[in-house]
Amino acid sequence: MATLVVSVSAEGDRAALVSVPPTALVDTPACRTPDGTLRDPVTEAFASSLLEGGPACTVRAVQQLSGLRIDHYLGVDLARLPGMVDALGGVPVCIVPTAATAAAATPPPAGPSELSGDAASGFLQPGDGGVDVTGAAVAERAQRLLTSTMRAAMSADTLLDPVALTRFLSRASDALTVDEQTTLGDLRALAATLGDLSGDAVQRAELPVAQVGYVPAGTEQGYVVLDASATRTLFDEVIDGVRVPEELLAVPGAALPAPEPEPAPEPVDPSVPEPLTAAPGEITVDVLNGTATSGLAATVADALRGQGFGIGTVGNETGTVTESVVRYGPEALDRARTVAAAVPGAVLQPSDALGDGVQLVIGPGYSAVVPVEIGAPEPVEVAPEAAAAAPAPEAAAVRC
C-alpha cells in the first residue's frame, strides 16, 4: 500500500505531495465501513484504516493526522495500473532520475520514453535490494505513472478514438476507486496539474519518522512511529501555503546525488582481519525477522541470549532484505562486528538513525548463531552500502 496526500493551491500553480508510511501508527477516529457499520476509534497501522475500515476510515485517519480537509479520494489498484497502460497502447513518460526511480525493479531510461504495460509493472515493483520502509519510493513512482496514464487517457487522440477510450475506461473501472463527489473532470484536472507543474512548483516530503521497527509489548508486529512535532510542522506549512518546510523537502526531479567524498581508509592487510573487541555480555541487540519464517526472531534471540548477548526489541522487519544485516549507530561498530561474527553471512550496515544501538535483521540464507572469540581475528563481510564506492562518472543533466 502506497499513500500520497496531495494538496494543490487554489491557483493551481503549486502542489505539495506527502507520503504516509503504511505501517505508521495513527489514531483512526470513529468511521463508517463500506457496509455501513460504525467502527470504533482505534490506534493502528495506517494501512489497517483502509484494509479493515475502508476508504472513509482512511480519509478520517488522514484528516485526524493532518488537519487538512480531504475533498477527494482516489484509490488505485497498482496491480491493474499496467493494464490501463496497455489499454492505451503504451504511455509516454519523461524520467528525471531520483532515488525513487532508481529503486524500481526495472527503472525506465532517463529522459523521454514510452512505457508498455510490462515496463510499467517493472517500474512500480521495488528492486531486489531496495528497502522502502516508509513506502515513499513506491508512492512517488505510482504517482508519476498514474499522472502520465491519466494525461494520455485524456489526450485528444484517445478521446477521439471510441474503441481505445472504451477499452481504457473498462480497465480503469476495475483499477480505480473514487468517492461519490469525484468526477472524470476532477481526475483530468489533477493529472493535468501534476503533469504540467515542474521544478519547485511540486514539493515532495515523507512524514518525519521518530522510530522504525517499534514493536508494542505482547505483539510481533513492527510499526513506524512518526515524529509528532515535525509532522505537525509539516502539515501546518501545507495548510498555510501548500509548501513543505525546507528541512523536510525532497526535491522533485532532482538527479541522484553524487556520493559524498570519504577520507581514504587506512591501508590494511586483508589477510589479517581485525580482532573482535566487544564481548557479547557488553552488547544489547534488537532482533528483527526479515524472512517469511514465523517466530524466527524469537528463536535467534534465544540463541544469542545463550551466547551471552543482551536482547532488546524482538519483532518483524517492515522493509525487505536479501541477506542478514547488522545495522549499527555511529558509536557501535565494535559491538556490531561481534554480532555479525555470531551470525555467519551477516553484513554490516551503518545507520545514523540507531544512535548507539545495534540491530540484527535476519534475512534469507540465515543458518545458525555461532560462538565468537574475543581478541581473535574474525572475518566480517561489509555491506555494499558501507564499502567505499568508486567515483561515478558525471551524468548529463536530464530535463523533461
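Buried means under 20% relative accessible area, exposed over 50%, and partly exposed in between, with a 1.4 Å probe and protein chains only. The structure shown is a predicted model, in which local features need pLDDT of at least 70 and side-chain atom pairs count only at pLDDT 80 or more, while totals for chains, interfaces and linings use all residues. Residues are numbered from 1 along each chain as its sequence is written, and side-chain values use heavy atoms, leaving out hydrogens and water.

**Stop 1: the disulfide**

A disulfide is a covalent bond between the sulfur atoms of two cysteines. The rule applied here is a pair of cysteine sulfur atoms within 2.5 Å, and the count comes to one disulfide. The sulfur atoms of Cys31 and Cys57 are 2.1 Å apart. Cys31 lies in strand 4 (residues 31-32) and Cys57 in helix 2 (residues 55-66), so the pair ties together parts that are 26 residues apart in sequence. Helices (H or I, at least four residues) and strands (E, at least two) are DSSP runs, numbered from the N terminus. The torsion about the S-S bond of Cys31 and Cys57 is about 95°, so this disulfide is right-handed. Are these cysteines buried or exposed? Cys31 has a relative accessible area of 4% and is buried; Cys57, at 0%, is buried.

**Stop 2: Arg141**

Next, select Arg141, in helix 6 (residues 136-153). Arg141 counts as buried because its relative accessibility is 1%. Show its polar contacts, each a pair of N or O atoms within 3.5 Å; within protein, one atom must be able to donate a hydrogen and the other to accept it, and residues adjacent in sequence count only if both atoms are side-chain atoms. The Arg141 side chain reaches the backbone oxygen of Phe123 at 2.7 Å and that of Leu124 at 3.1 Å. With contact taken as heavy atoms within 4.5 Å, and neighbours within four places in sequence left aside, the residues touching Arg141 include Ala100, Thr101, Gln125 and Pro126.

**Stop 3: salt bridges**

Side chains of opposite charge can pair when their charged atoms come close. A salt bridge here is a side-chain nitrogen of Lys or Arg within 4 Å of a carboxyl oxygen of Asp or Glu. The structure holds nine salt bridges.

- Stay in helix 6 and select Glu140 and Arg144, four residues apart, about one turn of the helix. Their side chains meet at 3.0 Å, N to O. Glu140 is buried at 13%, whereas Arg144 is partly exposed at 23%.
- Move to helix 11 (residues 296-306) for Asp302 and Arg305, three residues apart and separated by about one helical turn. This salt bridge spans 2.7 Å, N to O. Asp302 is partly exposed at 49%, and Arg305 is partly exposed at 44%.
- Select Glu317 and Arg327, whose side chains form a salt bridge at 3.2 Å, N to O. Glu317 lies in the loop between strand 15 (310-316) and strand 16 (325-328) and Arg327 in strand 16, so the pair ties together parts that are 10 residues apart in sequence. Glu317 is buried at 10%, and Arg327 is buried at 11%.
- Finally, select Arg39, Glu44 and Glu52, which salt bridges with shared partners join into one network.

**Stop 4: a nonpolar patch**

Switch to a surface view and select Val6, Val8, Leu74, Val178 and Leu190, which make a nonpolar surface patch of about 300 Å². Patches are made of residues with over 30% relative accessible area and no salt bridge; like charges are joined within 9 Å, and nonpolar side chains (Val, Leu, Ile, Met, Phe, Trp, Tyr) within 5 Å. Accessible areas come from the Shrake-Rupley method with a 1.4 Å probe, and for residues only the protein chains shown count as cover. Val6 is in strand 1 (residues 3-8) and is partly exposed at 33%.
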